[in-house]
Each structure stands twice: as structure tokens, then as C-alpha cells.
Amino acid sequence: MNTPLHVRFLRTMYRLVVDNCLAIAAVAAAAGALQKTSPEAALALARAIRPVHWLLALLLAAAAAKLRRLGRPKDVYLVEYGCFRPKAWFRAPFATCLEHAHLMPYLVDEESVSFAIRLLERSGLGEETCVPEAYHYMPPDRSLKASRDETELVIFSAVDDVFARTTVKPEEIDVLIVNCSIFTPTPVFADMIVNRYNLRADVQNVNLSGMGCSAGLVSVGLAKNLLHVAPPGTNVLIVSTEILSSQYYVGTERAMLLPNCLFRMGAAAMILSNSSERARFKLTRAVRTVTAARDADYRCVFQEEDDKGNTGIRLSKDLATTAGHALKSNIAAFGPLVLPASEQLLVALSFIKRKLLSGRAKVRLYRPDFRTAFEHICIHAGGRGVIDEVQAGLGLSDEDVEASRMTLHRFGNTSSSSVLYELAYIEAKGMMKKGDRVWMISFGAGFDCNSVAWECVKPAANADGPWVDCIHRYPVQLPEIAKDISDS
């Protein structure tokens with residue numbers, strides 16, 4: 001239902017006044033002072049001050065500004081990012097999934113096949129999502145070689161893409177951070193990249209594992225902390241992926257069949273720096289919330305063996321709800337850092353009202369409108385249920401979550417790299433403008449919730465990213481499906 005025009009006008013005026021109350025007060029104070037002092041008196045006072053005193057005042061102001069800059073952490077920027085774009089022969093349409101399942105009755109029973117197909121139909125995934133070559137074999141090739149082959153394909157493609165988009169050279173990389181949750185070979189991925197791109201011998205490298213779909217933004221937070229104290233001009237390469245080949249579950253536990261249906265191959269690479277010279281986005285905030293102290297949250301995404309000894313990832317039926325609770329805790333810390341004063345005041349007033357009327361009336365806390373703080377929101381494309389939960393919890397429109405739903409439809413759940421595919425969607429659609437603010441939200445095993453805020457410095461010059469061959473077909477209309485356990 002459309003908001004009445006007069007309500008929208010009053011809301012706009014309220015935000016304008018409250019968000020600029022300091023400026024309004026300063027102008028009012030200056031106007032009052034000018035009324036009490038004539039122009040002639042003010043000019044005489046300025047002439048009475050000796051030039052050397054003016055010079056001293058300017059030097060002191062400049063020194064104070066310099067000290068303030070030195071004491072403040074260095075700003076962090078996103079120089080460029082790139083995503084792996086799978087070829088058409090990696091596609092896994094529903095018909096292929098069904099055919100393969102029927103041809104492997106010794107691995108998956110008919111009841112499990114029916115469940116998986118129902119899940120796919122409700123998942124929000126489209127017919128063009130892609131799985132690694134190992135999944136196209138019957139039975140799937142879960143060997144170490146298959147996993148290494150997938151690793152080299154997706155990671156090197158993403159890193160090649162990011163270097164092709166910027167003037168930063170491999171030899172200019174000072175820090176390397178790679179994240180992949182489950183598959184961690186020896187040597188690790190970071191060494192694989194150092195070897196492939198001949199990075200410097202003094203490059204600092206970190207390999208993160210076990211953090212699930214939130215690891216990409218965890219890596220951003222780690223890079224931010226390093227760049228705050230690093231010498232100016234330091235460059236950090238972040239690579240986010242999830243390798244699927246060795247993780248195909250061959251049992252019949254429904255909660256452990258979910259990853260087979262939802263996860264798809266993907267990878268993304270980012271170059272961050274504490275120099276604004278070649279920046280495209282400025283990092284403004286990064287907040288991480290860990291709820292692992294709660295047993296239910298800790299076991300929400302859990303790797304284990306089933307009754308028959310088959311290893312897989314068990315996804316709780318309460319995953320979407322757990323993500324919603326973690327997001328609330330995250331917002332409690334993130335909101336005050338990014339919301340305008342007008343929204344924070346409404347939250348404070350509703351909290352005071354609840355306290356005053358405690359026991360006499362049930363008062364709901366005001367739900368802040370994060371669209372006043374951000375033009376674009378990228379919710380981790382973990383599944384239809386997760387996106388639904390976040391959309392309902394934040395009061396977002398279908399347009400606000402379009403990038404997340406379309407990324408899930410086209411690429412599936414690519415784990416920690418999904419938010420970069422969503423950012424690429426926004427830019428491919430030409431919706432990103434200089435000064436626009438972006439909120440990335442990710443969830444992962446633990447349970448983790450991460451929020452990262454960016455401000456656009458320079459929009460993409462073209463849309464030749466992962467969406468180049470299909471952006472003209474999006475957005476697509478998704479079927480309306482009743483909420484189900486499989487949506488998680």
C-alpha cells in the first residue's frame with residue numbers, strides 16, 4: 001500500500017531537520033551573533049589583530065588537523081574485484097540432476113531423490129547454475145585431484161579477472177588472504193597463488209578455513225585491521241571460494257542433502273588498499289557478530305558423519321531463524337554506526353516508551369529504516385529462506401533484495417563469494433552511482449553474521465563481469481512458493 005503524500009512529506013521534513021540539527025543550530029547561533037554585532041565593529045576587530053597572530057592561528061589549525069589525521073586509522077579502499085564466470089558446459093539443470101540421481105540408485109534412494117527435486121524447485125535456483133566437472137561424473141569424482149583441478153580453475157580465473165581490471169600488478173601485492181571453508185590441501189591455497197603469480201618473497205599470506213559463507217567479509221575485516229597500521233600504499237589481495245568436488249554427500253540424511261542442492265561453484269577476488277589513488281569503493285564500517293556461545297547456533301551448520309559413516313554438512317531446519325537472530329545482534333552494534341540521527345532518535349524514543357509502559361502495555365521497538373543509510377543492500381544468497389527472513393526482518397522491498405535473489409537464481413549459493421556477484425549485478429544494471437552506499441550482509445558457520453559498508457568512489461566503466469552474457473534477461477519473475485523446510 002502506498003504511503004500518503006502528506007505522510008511522506010512530514011517524514012522527509014523530520015529527517016531533514018533532525019539529521020541536520022547541528023548545522024541548523026550553528027547557523028542560528030551565527031545569525032544571532034551577527035545581529036548583536038554591527039559589520040563595522042566586526043571589521044574593526046579583525047583589523048586590530050596583528051598579521052603575525054593570524055599566521056600563528058593558521059599554523060596551529062593546520063598542525064591540529066595534521067595531528068588528527070596522524071592519530072586516525074588509515075582509510076581502506078576497494079581498488080577492484082573480479083568474479084569467476086563458469087562456462088556453459090558446467091551447467092546443472094534440474095533435469096540433469098534428476099537423471100544422474102536415478103542412474104545412481106546405489107548411492108541415493110528414490111525418496112531422497114524426490115526430496116532433492118522438491119528442494120531444488122523451491123530453492124530459488126535457476127536452470128543455469130553450475131557445478132564442478134567432478135559432479136558430472138557418475139558417481140561424482142571426490143578425489144583430491146578433482147578438488148585441486150576445481151581450485152585452480154575458479155581461483156585463478158577470479159584472480160586473473162581482478163588483475164585484468166586494474167593497473168595493480170602481482171608484484172605490488174603486499175598481503176594475501178584466501179578463504180575456503182572445508183577443502184584445505186597442503187600446500188594451502190595461499191601458497192598456490194604465490195606460486196602461480198610469482199608474488200614477492202616477503203608477501204604476508206593468511207589462509208582461513210572453517211568459517212563458511214561469512215569468510216569473505218571476515219577476510220575484509222582482517223584486511224581492514226592490517227591496512228589501518230600498514231605503510232601507505234599497501235595492497236591486499238583477498239580470494240574467496242568454496243571447493244565442492246570432494247564434498248558431495250552420498251547418504252540419505254535430508255538435512256545433509258541440502259548442500260548438494262544449494263551450493264554451486266564460484267570464486268571472487270578483491271584488491272584492497274590504504275591508498276585512494278585507484279579506488280572504486282571506500283570501506284566505511286565492518287562489524288562481526290559471533291553467536292557460537294549458543295549451542296543451537298554452534299550446531300546450525302555442522303560437518304559430521306551420518307549413521308552410515310558418510311561425511312557431509314548438516315544444515316539445521318532453523319537456519320533461517322538463526323540467521324535472523326544473529327542479524328538482530330549484529331544490527332545492535334552496526335546500526336548506531338551507520339543510521340542517521342533521525343532513525344536513531346525514533347529507536348531511542350520507542351525504547352523509552354517501552355520502559356515507561358512496561359507491564360501496562362506491549363510496545364514494539366521501532367524498526368529502523370536502513371534504506372535511509374544505504375542505496376544498495378547485498379544479502380548473502382544462502383537460500384530463498386535466508387533472503388526471505390532478512391527481507392521481512394528489515395522491512396525491505398522486492399527491489400531492495402533483487403540483487404540477492406537474482407544472484408541465487410543465476411549462480412546459486414557460491415558461499416563466501418556471493419556478495420561480490422551481487423555487487424557485480426548492481427553495477428551491471430547501471431544502478432551504482434558515485435556516493436552510493438552499499439551494505440553487505442553475510443552469514444556463516446559458527447554462527448557468524450558480518451556487516452560491511454562501502455561508499456562508491458567510482459562506478460564501473462562497463463558491465464563485462466560475471467553477468468555480461470545474461471544481464472539483459474534479468475530480473476526474472478520467480479514463482480510464488482509457500483515457505484518450506486527446504487527454503488532454509
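Why does Ser 181 count as buried? Its relative accessibility is 16%, so Ser 181 falls in the buried class, which means under 20% relative accessible area, with exposed over 50% and partly exposed in between (1.4 Å probe, protein chains only).

The model is predicted: local features need pLDDT of at least 70, side-chain atom pairs count only at pLDDT 80 or more, and totals for chains, interfaces and linings use all residues. Residues are numbered from 1 along each chain as its sequence is written, and side-chain values use heavy atoms, leaving out hydrogens and water.

**Stop 1: Ser 181.** Select the loop between strand 2 (175-179) and helix 8 (189-197); Ser 181 lies there. Helices (H or I, at least four residues) and strands (E, at least two) are DSSP runs, numbered from the N terminus. Leaving out residues up to four places away in sequence, Ser 181 touches Ser 209, Gly 210, Met 211, Gly 212, Thr 241 and Glu 242; contact means heavy atoms within 4.5 Å.

**Stop 2: strand 4.** Go next to strand 4 (235-241). Seven of its seven residues are buried. Asn 235, Leu 237, Val 239 and Thr 241 lie on one side, with Val 236, Ile 238 and Ser 240 on the other. Strand 4 runs parallel to strand 2, joined by five bridges, and Val 175 stands opposite Val 236. With strand 5 the pairing is antiparallel, over seven bridges; here Thr 241 faces Ala 267. Two strands pair if DSSP finds at least two bridges between them.

**Stop 3: helix 7.** Select residues 144-164. The 21 residues of helix 7 should span 30 Å at 1.5 Å a residue, and the end C-alpha atoms are 30 Å apart, which agrees; the expected span is 1.5 Å times one less than the number of residues. Buried residues in helix 7 include Val 154, Ile 155, Phe 156 and Phe 163. The buried residues of this helix pack against strand 1 (76-83), helix 8, strand 4 and strand 5 (267-273).

**Stop 4: the cores.** Show Leu 237, Leu 272, Trp 454 and Trp 467, the residues with the most contacts inside the largest nonpolar core, which has 74 residues. Helix 16 (residues 418-428) gives the most to this core, with eight residues. A second, separate core of 31 residues includes Ala 326, Leu 327, Ile 331 and Phe 370. A nonpolar core is a set of buried Ala, Val, Leu, Ile, Met, Phe, Trp, Tyr and Cys residues joined through side-chain atoms within 4.5 Å.

Finish on Leu 272: beyond its neighbours within four places in sequence, its contacts include Val 76, Leu 78, Val 220, Ile 238 and Trp 454.
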